[in-house]
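Please look over the model shown here, chain by chain. The notes after it are meant to be read with the structure open.

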Amino acid sequence: MESVKRAKKRRVNYLPLILMMLPGIAYMIVNNYLPMFGITIAFKNLDYSKGIFGSEWVGLKNFEFLFRSKDFFMIIRNTILYNIVFILGGTFASLAIAVMMTELGKHKIAKVLQPIICFPNMISIVIVAYLVYGFLGGDGWINNTLLKGDGISWYSKPEYWPFILTLVHFWKGAGYGSIIYIATMSGIDVGLYEAAKLDGATKMQQIRLITIPIIRPMIMLMLLLSIGRIFSSDFGLFLQVPMDSGALYNTTQTIDTYVYRALMKLNDVSMSSAASVFQSIMGFILVMLSNLLVRKVDPQSSLF
Amino acid sequence: MRQVNSEKRFVNSEKRFKAICAVIMILFAAFCVLPFILMISASITEESALMNFGYKFIPKKLSFDAYKYLWAKRETIGRAYYITIIVTLIGTTLNVIITSMFAYPLSRTDFKPRHFFAFFIFFTMLFNGGMTASYIIWTQFFHIKNTIWALLFPNYLMSGMNVLLVRNYYVGSIPTSILEAARIDGASEMKIYRRVLLPLSKPVIITVAMFAGMAYWNDWSNAMYYITNQKLYSINAYLNNLQNNIKLLSMQSSMTEGINLQGLSLPTIGARMAIAMIAVLPVLVIFPFIQAELIKGVVIGGVKG
Amino acid sequence: MKKCKILSVLLVLCLSLGLIACGSKESAGNDNAGSTTVENGSKDSAGSETTASKDPVTVKVSYPCLVIVPSEDAVVGVEEVINKYLEEKGSGVRLDLEAVDANNYNTTIDMKQIGGDQVDLYMSLGGFADQVNSNKVLPITDYIHTALQPTIDITGEEILGATTFNGQIYGMPVYRTDVCTYYWILPTTIAENDLGFEVGKTVTIDELTGYLDVLHQKYPDQIAMAVRPGMNGMPNNFCLSAIMGGPDYYLVTDLGSGVGIEGNNTTVVNLYDTDYFKDVCQTAYDWNQKGYVNKDVSVVAEEGYDLMKAGRALSYIIGYGGCNPQVTDESDSTHGMSVMYVPIAPAINMPSGLNWCVSYGCKNVEAACEALNLFYTDPFVMNSILYGVEGRDYEDTGLGNGEDKIVKLPEGKTMFDVPYYAFFTCGIMGNEYIDWVALQPDGTYEDRREANKEFQKNAVSSPIYGFTFDTANVKNEVAGISTVESQYLSGLLSGELDPNEYIPKLVQAVKDAGQDAVIAEAQRQIDAWR
């Protein structure tokens, strides 16, 4: 009797919770789930007179241009390698920045620094490309002012670009990415640090034993989300920053830029949709696997 | 005696650590701001100086032509700003409310369906039906074309990432003891959410507000697809257009010799930078204020046991 | 470097060249407020007025507008004027005008079509074959000799070759001077003093190398010739290359993907494997090695005329579409100095690829064709779409010849002040030759229409002029070739890459991507087309 009553009580309590979720659920259905039928475009031969629903299915034909390509492995390799570096390095950089910024805390200087490190994220990547060109171009600052003489033709030497692009990526994102960690860190009970200090813990120990474990779920969340997008890339970064230079192909071509260049002349919605579906599916599989792993090791940190 | 000494050492090492942090961060901030200065300088440099000498930190030859050109369009730009500001404010507020409300039940360990809904949200982050399908849904069923709703609803009103961020914050940073205490006091879920949860989650709310706000501000694709009435263009949509038109106009005048643009000076490179400047200016101004709130942080105290 | 002169012809669907407005000068004045003034068009469209006997059909016309997109109110005003005129004329159609930003024209129309918005008449700005294949357009074959007969009388039936697929006609090409010429542009002072040119001089590419050397020696600090990626003097891309010369030259027709015809025949080959391509790249390479062109040529972002204006470069090459410009230009704001245009190639006939089409969603194709016919035959309708409402947006100077007017902006107004201004759409609207001439700010005007027609008559044509290549069956190969091209082409054409090393790589790469299949397909289509 008692347990049934209790069970009933708890189930009734779900109602206000569901109500709170209602606007979100409604929006997700309308904005994200209803349009999902668009994914079928990737598997169809789009015929405008029949519309999306009436067009005929062609299986994986739209994927052929991607899979059959000679460059298939190269672009996957590039995309994933860059992403691994970006994810690992970026997380480390953002964490380091967050720790340092939290340390500087209420000092006046923090108020000035914090917005500044987020500025790079606000400049559009096209402008960033021009600015980089201003540095690395034939008549740019580096060749003219720094190196005097012949200079280096940066835009035709692929070997430099993994470094250049990584640098640009961090410049743009590290500061902005640290915000969420700063936010989480600011919620940590100061008393914990006080107690640790009394016990004689050094700064590094405090960070290692208090800060990181507490924000670990947040770090894991960001990592898992990034893994989901590991087959995608920042289109602007890889196409526009190298000024669309063909010579830099081998080290700057990712799945997204490849699809763009391949379909430039064709204007084919189905084929570009196919590429995007491929990226999504691969990312999805990876995240599901990673999430399973995380759930075994650290259940609190898993996505779901 | 020894206690005091080790304390002193302790305080010194703390100060040292702080100093190191400050130095590194200042260097990093300088690294961040440098290209920005380049951008500002390029936007006030005379066009031929830009062509001949490239981008320099200090303009070789000052010229405000680019800004003059934009000043002439101030009415349209002003209106675009106005629209964008309204859309950003309303959109961000709605986003924050919907997101935080949605995340609360997800954070409750006794809410059984929470994993299902988390997956529900997460799935949308990876798979989307594409622009065409969204267009069909929003225009055929909801008729938002050429209305302000077209700038508000598609895509940015709620994002999976924000929801998960908030959820994680709730789970990790809000002690359940406080929530329990409120519940025992007989508060309803909404009350707990409003009176207890929100005030304690200020940092993450501010963060989500920043992310959502930036997304709305930077958006130009909603305007491009759903709006043809130029009076409703957001600032970035308008500026994108302007950029393309400058390119086209200067192409026209040389390729056709047909359009005589006497008196209409069209600085191209400088204009590009000037346009980028006025696209981010309001954000640059507001950001520091919002961030100051973030740093203030939350001090949780007074919870026994 | 081979002695033989090189000339090439191309079938290119090039949007930027196609959007060239017609060749008359237009006044612009100063850019003041920039905002549109209050317009006084009423909200109701005159679309559903009934005439005595038959209900007129409203046809929606979605046309692209460059730079200035008139507001809906302004457009309504123009609609009313046109529809009143049509009613008086007893026409069975009324127009519902829709001005679309040319920057996003293709995407916008695409969205409308798939999203279910009404689209009747619209333009295909490139990619015509794809539009037919995905069933975006309806055939208008039945109405060619009925509703569109007056148009065909003016344009002739040959131009329909570009829009005919499988025996059906799917679109009406724009009737204009589709000619492309390439000019070497340099300051008049330098041309006359340093090189001894006179107005009317023409050069060949061989000679050009010599002249560039002179300039480079004389002005070592400046760039002898500014080039854009792939525009080393073989403008736009090698496919548009036209190098003037004597009786023997290369005649090249490019169908895209490196596939095309060399010479006056109909055999399709791999263009990257031809002597022509080797010559072009070798010349470019020489120029680059000798320092005549800018560094970082394959990624450079600045336009030639901008560099010239800043004094950074001495000259550049550019192609002109649509008309025959003056050979010298005195009052030039683009260059900031007087420049001389030196042709480096004969005029080439180049179909614009701009076609008016009837969208699949149109309910009354006959009415759409009648409306379409108006764009080619009725000056009032055409020019109202371009210039707007008389009195409000333009004024008649009275200098014209009856129906053929010469117009100007109202006193004290610039193109940004008047409610409606779509002059930039001229040349892609229908029949370019019935456009009214616009008055220049200095009170003069130029009527180049007859001159343009003559110009076109003397232009060189490709042996398969009018043929459009349908790549539906070889999409994957085209995609693969496209990526290969983006890797090598820019560098080769700019002269950054050594042709001896990289042309073989390019040829091998396109072969691997399946170019042989594309060649075979093109050959098949051409044989069937003839």
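## Chain A: overall form

This is a predicted model. Chain A holds 15 helices and two strands. Its radius of gyration is 25 Å, well over the 19 Å that the globule rule gives for 304 residues, so chain A is more spread out than a compact globule. The C-alpha trace of chain A spans about 70 × 60 × 30 Å along its principal axes.

Of the 304 residues in chain A, 46% count as buried. Among contacts in chain A with a separation of 6 or more, 71% come from residues 24 or more positions apart.

## A covered helix in chain A

Helix α14 of chain A runs over residues 255–263 and is mostly covered. Eight of its nine residues are buried. These are Ile255(A), Asp256(A), Thr257(A), Tyr258(A), Val259(A), Arg261(A), Ala262(A) and Leu263(A).

What covers the buried residues of α14(A)? The cover includes α4 (64–67), α5 (72–104), α12 (235–240) and α15 (269–297) of chain A. It also includes α13 (475–494) of chain C.

## Where chain A meets chain B

In this contact, 73 residues of chain A touch 80 residues of chain B. On the chain A side, at least two residues each come from α2 (14–33), α5, α6 (108–118), α7 (125–136), α8 (141–146), α9 (161–185), α11 (203–228) and α15. The largest share, 11 residues, comes from α2(A).

By class, the side of chain A that touches chain B has 47 nonpolar, 20 polar and six charged residues.

Chain B averages a pLDDT of 82, and 87% of the residues score at least 70. Two stretches call for care. Over residues 252–265 of chain B, pLDDT stays under 50, and the model has 48 contacts beyond four places in sequence for them. Over residues 299–305 of chain B, pLDDT also stays under 50, with five such contacts. Where pLDDT is low, the predicted coordinates should not be read in detail.

Now take Asn236(B), in helix α13 (residues 235–255) of chain B. Is Asn236(B) buried or exposed? Asn236(B) is buried, because 22 other C-beta atoms lie within 10 Å and the cut-off for buried is 20 or more. Leaving out residues up to four places away in sequence, Asn236(B) touches Asn218(B), Asp219(B), Trp220(B) and Ala279(B). Ala279(B) is 43 residues apart from Asn236(B) along the chain, yet their C-alpha atoms are separated by 6.4 Å.

## Chain C: two open sheets

One open sheet in chain C has three strands in the order β8-β9-β10, with antiparallel pairing. Strands β8 (252–254) and β10 (268–270) of chain C stand at the edges, each with a single partner strand, so one side of each is left without a neighbour in the sheet. The twist averages 40° from one strand to the next. Strand β9 (residues 259–262) of chain C pairs with β10(C) over three bridges, in the antiparallel sense. There, Val259(C) has Asn270(C) in β10(C) as its bridge partner. Helix α15 (residues 515–529) of chain C lies across β9 and β10 of chain C, at about 165° to β10(C).

Another open sheet of three strands has the order β16-β17-β18 in chain C, and its pairing is mixed. Its edge strands are β16 (395–396) and β18 (437–438) of chain C, each pairing on one side only. Strand β17 (residues 406–408) of chain C runs antiparallel to β16(C), joined by two bridges. Asp396(C) has Val407(C) in β17(C) as its bridge partner.

## Chain C: a covered strand

Strand β15 (residues 354–358) of chain C has five of its five residues buried. In a regular strand the side chains alternate between the two faces of the sheet. From β15(C), Leu354(C), Trp356(C) and Val358(C) point one way, while Asn355(C) and Cys357(C) point the other way.

Which strands pair with β15(C)? Strand β3 (residues 121–125) of chain C is joined to β15(C) by five bridges and runs antiparallel. Tyr122(C) has Cys357(C) as its bridge partner. Strand β6 (residues 172–173) of chain C also pairs with β15(C) in the antiparallel sense, over two bridges. Here, Pro173(C) has Asn355(C) as its bridge partner.

Note on methods:
Residues are numbered from 1 along each chain as its sequence is written. Chains are lettered from A and ligands numbered from 1 in the order in which they are written. Two strands pair if DSSP finds at least two bridges between them. Helices (H or I, at least four residues) and strands (E, at least two) are DSSP runs, numbered from the N terminus. Axes are lines fitted to C-alpha atoms, for helices over the stretch in contact, and angles run from 0 to 180 degrees between N-to-C directions. Two residues are in contact if their C-beta atoms, placed from the backbone, lie within 7 Å. A residue is buried if 20 or more other C-beta atoms lie within 10 Å of its own, exposed if 12 or fewer, and partly exposed in between; C-beta atoms are placed from the backbone. The radius of gyration is taken over C-alpha atoms; the globule rule is 2.2 Å times the number of residues to the power 0.38. pLDDT is the predictor's confidence in each residue, from 0 to 100. Ala, Val, Leu, Ile, Met, Phe, Trp, Tyr, Cys and Pro count as nonpolar, Asp, Glu, Lys and Arg as charged, and the others, Gly among them, as polar.
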